[in-house]
Structure formats: structure tokens, C-alpha cells
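Let's take a quick tour of a protein and the molecule it holds. Have a look at the structure first, then read on.

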Amino acid sequence: MKFVIAGNGIAAITAGRAISAGAPGAQVEIYTDEPHPYYLRPRLIQFLAGRLRLEDLYVYPPEWYAKRGIAVHLATKVVEVDTSRQQILLEDRGESSYDRLLLAVGSSPFRPPVPGIGQDGVFTLRTIDDALAIKDRAERCISAGSREAVVIGGGLLGLECASALTTQGLEVTVLQRGSWLLHKQIDQEGASVLQEQIERLGIRVMGNVQTESILSNGSVTGVSLKSGPTVPAHLVLCAAGVTPNTDLAKDAGLEVKRGVLVDHQLRTSAEYVYAAGDVAEFQGKLPCIIPAAVEQGRVAGANMVEPGSATYHGTVPSTTLKVVGLDLTSIGLIAPQEEGYQELRRADRATGVYRKLVLRDGRIVGAILLGDRQRVPELTKLVKQGADVSRYGDSLLDDDFELQAITNEGGA
Ligand SMILES: Cc1cc2nc3c(=O)[nH]c(=O)nc-3n(C[C@H](O)[C@H](O)[C@H](O)COP(=O)(O)OP(=O)(O)OC[C@H]3O[C@@H](n4cnc5c(N)ncnc54)[C@H](O)[C@@H]3O)c2cc1C
């Protein structure tokens, strides 16, 4: 049986591993439009900050693929899927037939449609090539003494990029549309604790601002805001979210909404075609995070080998801000909009610690931990276990409360 995978990110590699484990000796062909072997995107931040070398980004040596019978075709874009003939067409005019196909083509950075977004000196960060271009620009700005940079977007990626560029020696301003940073990961009270710490790192944050246009004299010179001053910048990095790469699926006639629709087995609407990772939409959700790409890749790979052998039930969202000296993790539901939830909070500005738990029917369904990395594994377990913690009340937030005692019991 021949398994074909479009894309070479974490969903693709996880599926490839599951296929080779479930069907040893099977032919697995991976096609990617990138010229680089598989790497982990979060490491691009460390690369940008100068903490990792290019060669440290790659995850597996060639033997890893050979041992599993996985052939990777670099710089080979899939341009069409013909579901009736069970074939993919490649940009180089080649083609490949499949018995089972996985679409794991990920997502692309969203570029807000503001004038000047295509100017020289304006970047997004998704790939190694993006990171190389940003790094090169940052180095040239520093040698020219033109240190001002702007990051558009105060989400996880925006703050991580801002921190990396600051480490490189740039003076970074983060432009945030909403009234607080990381509005998907933290509530307003926690964000004010966080913002003080971000500013201590030398990053300037401007909230409630909207970009009007990007100014240039052949190369970027600044960002003009809808209200407020123009912010000078010789490098602009846009981190305004992602859009799933659905074109292949749409053109092939698959059911697509915001992402490619998949069921519990990660099957799309076309026979023998599966989807996983940032491109897949399951029950109206597109988490676009690594834990979802891994779970979906594993389930898709197993079902491609043995239909019905694995089931996907969704992923508890869990994200961590990776900025040196700052620990922020959000798990599950952190800002419920409906009635019936209880929220426990504690903030200590002096130590920069903020904890929030969201409970429903005595069970933790979400948590925010700022400045407290130790509790992350236990709280993640508790959210997954749905353990009843009602009898502990507010003491759950105490520094010396032993969460482990509850998780060891599998819930109270
Ligand atoms: C800098 C950065 C840091 C991040 N940090 C975190 C983090 O800390 N935690 C977290 O959970 N998530 C993080 N993310 C998000 C995470 O990387 C994605 O959720 C994850 O990569 C999705 O995996 P994927 O395999 O679905 O898609 P991708 O990793 O996007 O891989 C898709 C691949 O398909 C290729 N492709 C696209 N179209 C075609 C085509 N037509 N033909 C062939 N190949 C094609 C793409 O080039 C790409 O190589 C980060 C993202 C970035 C950019």
C-alpha cells in the first residue's frame, strides 16, 4: 500500500511515524514545498535570538527516515489532488498515485491588508527562510545604527519575536490591537502583571492601537497608526495570526469551511483522503497548536493503516509563552463567557506570579499560570482527568498546596 503525505511539519512527521509503525515496509512518500528537512517551528524563535545554530533546527538525521521507509521530497510542491484518479500533481509536473493521502499542509501567516504591507523590510515568521531573512535584516539594522523595530500583534508569536529581536539588540515596540496582551491566553488582570514584566525586558507595548499603513522610502521607515503617533521602524514583523492552507482541498472539491473538515478518524469528505494539523477543522475548531497537530497526526496515521483503529476527540488547548525569564502557560478554558463557572485568582505583583483556575461543577476546566512553571504538569493532568477538587476551595492557589496528591489519586 502507498501512503502519500502533502506537507512536512509535525502533523506529517507524526503521521509518517504512525504509518511506518503500523505497516512496516509500507511505502511512505512525503512532499514538501520547503527546501529544508523537518524542523520544529518554535525553535525558530531561539534561532532568531541567536541561541541556536541553523543546523540545530533539524530534528532527524537521514537514517531516521530511511529506517522507517519514509522518502521525503524537498522543494516539491503539491499543486493538485485528483481524488477520482487517486493522484497528486506536483509543481515540477510530476505526479504520484496514492492509496491513502494525508493533507498536512499547515497554515500561513495572515497579513493584514494595510497599505505598505508588501514593502521591503516587512516580514512574517513561519519558515527557516523567513527567519534567515529577518535575522539578516536585524543584523544590517544594527550595523547601520537603525535599531527601531515594530512587531504588529501582541499574541504569543508577537511577544516571542519581540523578545528575540530585543536579544539581538533591536529596540522593539509591540503594537497590540486589543486592550491587553495575549488576550487568548490570559485575562486582563494577569495581563497587567505580564506587561510590567515584558516592559522590564526592554520591550515597549502600545495597546488599543490599529495599524493604518506601513511607511517606506523604498525600505520600511515606520508604522502609521489610526490614532496616535507614527512609530519609527526599520524592521516590521507582522504576527497577526494564521490562515489554514485550504486551497488544495478546495480545488479538489473537499468540504472546507475555515479549515478542511474532518471527522473523528481525521477523514475528509473525500474517500481515502485524511487531513491533520493546522489545516484541519474538527467540530468547528482549528487549534493551530502543536499538541493538536501531534494528536491528529497520530490518529490520522493509524486510521490510514487500519481504518477505525483510532479516534480523535479534540485537544485541550495548552500554550506556553517562551520568553526568557517569563513563564506563562494557559490550559483549557480560561475566559468562560457563560454562567455556571467559578473563577479563583491570586496575583502577586512583587514576585510577578499570577494564578487563575476556572472550575465548573467543582472540576478544573482551565488555568492560567504566570511565573509558576512547577504546577503546569499537574494542572494539565487535572484538566484532562476532570477531577473533582471542590473540597479544596481557594487553598488550591496556595504556594504550598500539593496538587500532586490529587493527581495521584486520579482525582479526589
Ligand atoms: C515561530 C513559531 C513558533 C511557534 N511556537 C509554537 C509553540 O510554542 N507551541 C505550539 O503549540 N505551537 C507553536 N507554533 C505553531 C505550530 O508550529 C503549528 O501549530 C504547527 O507547526 C502545525 O503543524 P502542521 O504540521 O499542521 O503544519 P506546518 O508546521 O505548517 O507544516 C506544513 C508544511 O506543509 C508545507 N506545505 C504547504 N503547502 C504545501 C503544498 N502545496 N505542497 C507541499 N507542501 C506544502 C509547508 O511548507 C510546511 O512545511 C509556532 C509557530 C511558529 C511559526
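**The ligand and its surroundings**

In this model, a polar side-chain atom of D33 sits 2.5 Å from an oxygen atom of the ligand. That's a polar contact, meaning a pair of N or O atoms within 3.5 Å. The model is predicted, so to speak of local features takes a pLDDT of at least 70, side-chain atom pairs count only at pLDDT 80 or more, and totals for chains, interfaces and linings use all residues. Residues are numbered from 1 along each chain as its sequence is written, and side-chain values use heavy atoms, with hydrogens and water left out.

- R126 has a side-chain N or O atom 2.7 Å from an oxygen atom of the ligand.
- On its own the ligand has 1000 Å² of accessible area, and the protein covers 89% of that (Shrake-Rupley method, 1.4 Å probe).

**The shell around the ligand**
- The elements giving two or more residues to this shell are α1 (10-22) and α8 (290-305); helices here are DSSP runs of H or I with at least four residues.
- α8 gives the most, with 3 residues.
- In total, 29 residues surround the ligand, and the closest are D33, R41, R126, I290 and K322 (a heavy atom within 4 Å counts as near).
- Sorted by class, the shell has 15 nonpolar, 7 polar and 7 charged residues. Nonpolar covers Ala, Val, Leu, Ile, Met, Phe, Trp, Tyr, Cys and Pro, charged covers Asp, Glu, Lys and Arg, and the others, Gly among them, are polar.

Key:
Polar contact = N/O pair within 3.5 Å; in protein donor to acceptor, adjacent residues only side chain to side chain.
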